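Me: Please show me the structure. I have some questions about it.

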Amino acid sequence: MKSSLLDLLVLFLDKVSLVTNFKLFSMREQAQGDSHYQDSSFFKRGDLLEVPRTLFVHFGIYLGNNKVAHLMPDILPAISEDKYLTGKVVTNKRLILGVLAKVASIRVDTVQDFAYGGSIIVNHMDKSFKTKPLSNEEVAQRAEKLVGATSYSLLWDNCEHFVTYCRYGFPVSFQTDKLENFVTFESIIYKEMNGN
C-alpha cells in the first residue's frame with residue numbers, strides 16, 4: 001500500500017512538474033493579443049484584473065484610485081488584529097501558511113502590489129461567460145462589501161471564485177476545473193497502467 005501511495009505521489013509530482021514547464025494552467029496563450037497593462041489609468045472601476053503567474057492566474061477587482069480588491073490566502077489576519085502588520089503586502093510564507101490553514105482575506109492593495117511585478121490583463125474572462133457582466137459599479141460595490149477575513153480553498157473558494165461572483169453573480173473557477181480534470185485524467189491513466 002505504501003508503495004502504491006508513493007508511486008502515486010511521484011506520478012503526481014512528475015505531472016505537476018510537467019504542467020509547470022508547459023504552463024498548462026496559464027492563460028497567457030489565450031491572452032495573446034489582449035492588452036497587458038501596469039498603469040491604472042487604463043482601468044475602470046469594476047474591471048476584472050488578471051495577473052498570470054507560473055502555475056495559475058491571480059485575479060482582482062479594480063476599485064478605482066489605484067486600488068484592487070483581491071482574495072489572498074493569508075495566515076496573519078487569523079492570528080493578529082494589528083492593521084499595520086496585516087496591511088503589509090502578503091509574503092510567500094504568509095500565503096503558504098494561509099493555504100495550509102485555509103484562511104484568507106479579501107484585501108485592498110495598490111495595483112502595483114496586486115500585480116507583484118507582473119503584467120495585468122483586463123476583463124479577459126468576459127469572453128468565457130455566456131452571460132453579460134454586471135454593471136461595473138455593482139461589481140466594485142460587491143467587492144467592497146466582501147473586504148475582510150474569509151475562508152480559503154484552492155478548489156472551491158479562491159481569488160477566481162471571488163471575482164467571478166463579483167462580476168457575473170456566481171462563483172466559478174476555470175483554473176480549478178482544469179486542475180480537477182487533469183488530476184482525474186491522470187488517476188485514470190495511473191489505474192489503467194497498474195491494472196486497477
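Me: Which residues is R107 in contact with, leaving aside its neighbours within four places in sequence?
Reply: This is a predicted model, in which local features need pLDDT of at least 70, side-chain atom pairs count only at pLDDT 80 or more, and totals for chains, interfaces and linings use all residues. Residues are numbered from 1 along each chain as its sequence is written, and side-chain values use heavy atoms, with hydrogens and water left out. Contact means heavy atoms within 4.5 Å. By that rule R107 touches V68, A69, H70, M72, D74, T86, G87, K88, V89, V90 and R94.

Me: Is R107 buried or exposed?
Reply: Buried means under 20% relative accessible area and exposed over 50%, with partly exposed in between (1.4 Å probe, protein chains only). The relative accessibility of R107 is 7%, so R107 counts as buried.

Me: Which side chain does R107 join in a polar contact of 2.7 Å?
Reply: A polar contact is a pair of N or O atoms within 3.5 Å; within protein, one must be able to donate a hydrogen and the other to accept it, and residues adjacent in sequence count only if both atoms are side-chain atoms. A polar atom of the R107 side chain also lies 3.0 Å from the backbone oxygen of G87. The side chain joined at 2.7 Å is that of D109.

Me: In which strand is R107?
Reply: Strands (E, at least two residues) are DSSP runs, numbered from the N terminus. The run of residues 103-110 holds R107, and that strand is β5.

Technical notes
Helix = DSSP H or I, 4+ residues; strand = E, 2+ residues; numbered from the N terminus.
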